[in-house]
Amino acid sequence: MDHWNAIEPIRSAIGDGDPFAWLSALPGTTFREKNGRRTFRFEQGGQGYFAKVSRGPGARETLKELLSLRTPPLDARREVLALERLHAAGIPAPQVAGSGVSGGRPLARRSFVITADVGTQRTLGEEASQLDPADHAGRRQLIQETAALVRRMHAAGVNHRDLYFGHILVRTERGARELVLIDLHRAQIWKH
């Protein structure tokens, strides 16, 4: 194991064991499993979390990214850095609860990131589809909120590189709508 860390109660649950073995043995609801990456929700200590466990992108995916003049996401570190940058800027995104990387070869590296559940699975697309087509003011308001979120993200030096309606969740608390950015594994982080 190259390195890993986690907050309580996850750290104690893993103990001295292998976090990858612990994550693979966890019961939970799988949301996505594709190209060596599994995203699932689990409970620990009465709190909900999401885990994304990945193996390296492989030669085909890496070549595809490089031919598109993009840096391939080799492990979870990029997502962790992006989430930390967004939190530092006060931008709604899941809180990192743990992460780890194992293996030296970039194309075969294993990694994970665990984030706290943000309390909703409702996407921006679902929110938009519920608006009355004649509600122009409501649609304009949702567009303005989305643009403000993206502007703040870019001002914080993060570009998502995989931003679509499914990667913005809508959380409603006390009648106020808040948009939350998720799935930042392809994000780029810039100084400016």
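E43 and R41 are joined by a salt bridge, that is, a side-chain nitrogen of Lys or Arg within 4 Å of a carboxyl oxygen of Asp or Glu; the closest N and O atoms of E43 and R41 lie 2.7 Å apart. The model is predicted, so that local features require pLDDT of at least 70 and side-chain atom pairs count only at pLDDT 80 or more, while totals for chains, interfaces and linings use all residues. Side-chain values are based on heavy atoms, with hydrogens and water left out, and residues are numbered from 1 along each chain as its sequence is written.

The surroundings of each partner can be described by relative accessible area, where buried means under 20%, exposed over 50%, and partly exposed in between (1.4 Å probe, protein chains only). On this scale E43 is partly exposed because its relative accessibility is 46%, and R41 is partly exposed because its relative accessible area is 24%.

R77 forms a salt bridge with D75, with 2.7 Å between the closest N and O atoms. R77 has a relative accessible area of 38% and is therefore partly exposed, whereas D75, at 13% relative accessibility, counts as buried.

The pair of E173 and R171 also forms a salt bridge, and its closest N and O atoms are 3.8 Å apart. Here the acidic residue E173 is partly exposed at 43% relative accessibility, while R171 is buried, since its relative accessible area is 19%.

Beyond these pairs, salt bridges link R122, E127, E145 and R177 in a network. By the stated distance rule, the count comes to 11 salt bridges.
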